[in-house]
Amino acid sequence: MRFDLITIFPEFFAGPLEHGIVRRAREAGLIHVHVQDLRAFTKDRHRTVDDRPFGGGEGMVLKPEPLFEAVESLVGHSVGTASEQNAQDPGTTIVLMSAAGGLFGQETARRYSRLQRIILICGRYEGVDERVAEHLATEEISIGDFVLSGGELPALLVMDAVTRLIPGALGNEASSHNESFSASEEMPLNAGTASKPTSHQSPVTRPTLLDFPHYTRPAEYRGWKVPEILIGGNHAEVAKWRRAAALEKTRRNRPDLLERE
Ligand code: SAH
């Protein structure tokens, strides 16, 4: 999998690329990360990437030309022409990071993890000339309902979430199956509640749950004890407790996830 990050701050990425799972995935050759300085595609002496907004108003807007040329040089052909559709490689997505985009989530991360190439365009200032969203990017993605000062952190966040889903990226393969937002396969919605299981349950719903709580040593800390059942070593009981605890935590912190089903 290859990531291309297009940015006016190429140095921004040095730290995050050098740590943890992303670093290991790079070293193992599971991902290749190319950071593209947008200013390499400017032609004037001042290497201008932005300009004032048509219609007036505050701030500056990233110009379309360097962005189109940067992406075209990366993919090796022109984009946004009459051949727009034909030229589009199904293994590649061109993502504009944007507070006004569709919401990024674990499902999008899963979809991206099956691609060969993800090109992430990082905006700055007031944003990016809309023609980039219309004719260059194949997707416009937001990482949440808040406004950041640039697309670099959002791009890193997407890259991190996707990388850990690539087979081999996590030391332990099971890790990404049993965590928050992985659809649970065996747990009907009423698990862990007082309601009795009936022989005639509705077709198994697959709620999206948060992760179950984790504990490690010491078994007692400042008088707070680890749930007894986790110490007992009865795997079936532990599994049952974890399912119920995950559901309880989801109810408490993110009831919207359960209502969504
Ligand atoms: N005027 C814009 C915000 C521009 S912020 C608006 O109100 O929508 C500058 C850049 O930061 C954006 O172009 C985008 O690339 C990035 N950015 C800010 N918030 C973001 C978010 N929630 N998700 C993804 N990218 C974001």
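Student: Why does arginine 222 count as exposed?

Tutor: Arginine 222 has 5 C-beta neighbours inside 10 Å. Because a count of 5 belongs to the class of 12 or fewer, arginine 222 is exposed. This is a predicted model, in which local features need pLDDT of at least 70 and side-chain atom pairs count only at pLDDT 80 or more, while totals for chains, interfaces and linings use all residues. Residues are numbered from 1 along each chain as its sequence is written.

Student: What makes arginine 47 partly exposed?

Tutor: Arginine 47 has 14 C-beta neighbours inside 10 Å. In the protein as a whole, 24% of the 261 residues count as buried.

Student: What is noted about phi in arginine 47 and arginine 222?

Tutor: Phi of arginine 47 is positive, near 55°, in a residue other than glycine. Arginine 222 is not a glycine either, and its phi is about 50°. Arginine 47 sits in the loop between strands S2 (32–37) and S3 (50–51), whereas arginine 222 is in the loop between S8 and strand S9 (224–225). Helices (H or I, at least four residues) and strands (E, at least two) are DSSP runs, numbered from the N terminus; the protein has 10 helices and nine strands.

Student: How do you know that the peptide bond from arginine 217 to proline 218 is cis?

Tutor: Its omega is near 0°. Proline 218 belongs to the loop between helix H7 (152–163) and strand S8 (220–221).

Student: Why are strands S5 and S6 said to pair?

Tutor: Two strands pair if DSSP finds at least two bridges between them. S5 (residues 92–103) and S6 (residues 117–121) share five bridges, in the parallel sense, and therefore they pair. Valine 95 has leucine 120 in S6 as its bridge partner. From S5 the chain passes through helix H5 (residues 106–112) to S6, in a right-handed β-α-β crossover; right-handed means that, with the strands pointing away from the viewer, the path from the first strand over the helix to the second runs clockwise.

Student: Which other strand pairs with S5, and over how many bridges?

Tutor: S5 also pairs with strand S7 (residues 139–142) in the parallel sense, over five bridges. Leucine 96 has glutamate 140 in S7 as its bridge partner.

Student: What makes S2 and S7 edge strands?

Tutor: The open sheet of five strands has the order S2-S1-S6-S5-S7, with parallel pairing. S2 and S7 each pair on one side only. For S2, the partner is strand S1 (residues 2–7), joined in the parallel sense over six bridges, with isoleucine 6 opposite glutamine 36.

Student: Which residues surround the ligand, and what are their classes?

Tutor: There are 19 such residues, the closest being Met97, Ala99, Gly123, Gly151 and Pro154; each has its C-beta atom, placed from the backbone, within 6 Å of the molecule. The largest share, four residues, comes from S5. The shell has 10 nonpolar, seven polar and two charged residues, where Ala, Val, Leu, Ile, Met, Phe, Trp, Tyr, Cys and Pro count as nonpolar, Asp, Glu, Lys and Arg as charged, and the others, Gly among them, as polar.

Definitions and conventions
Buried ≥ 20, exposed ≤ 12 C-beta atoms within 10 Å, placed from the backbone.
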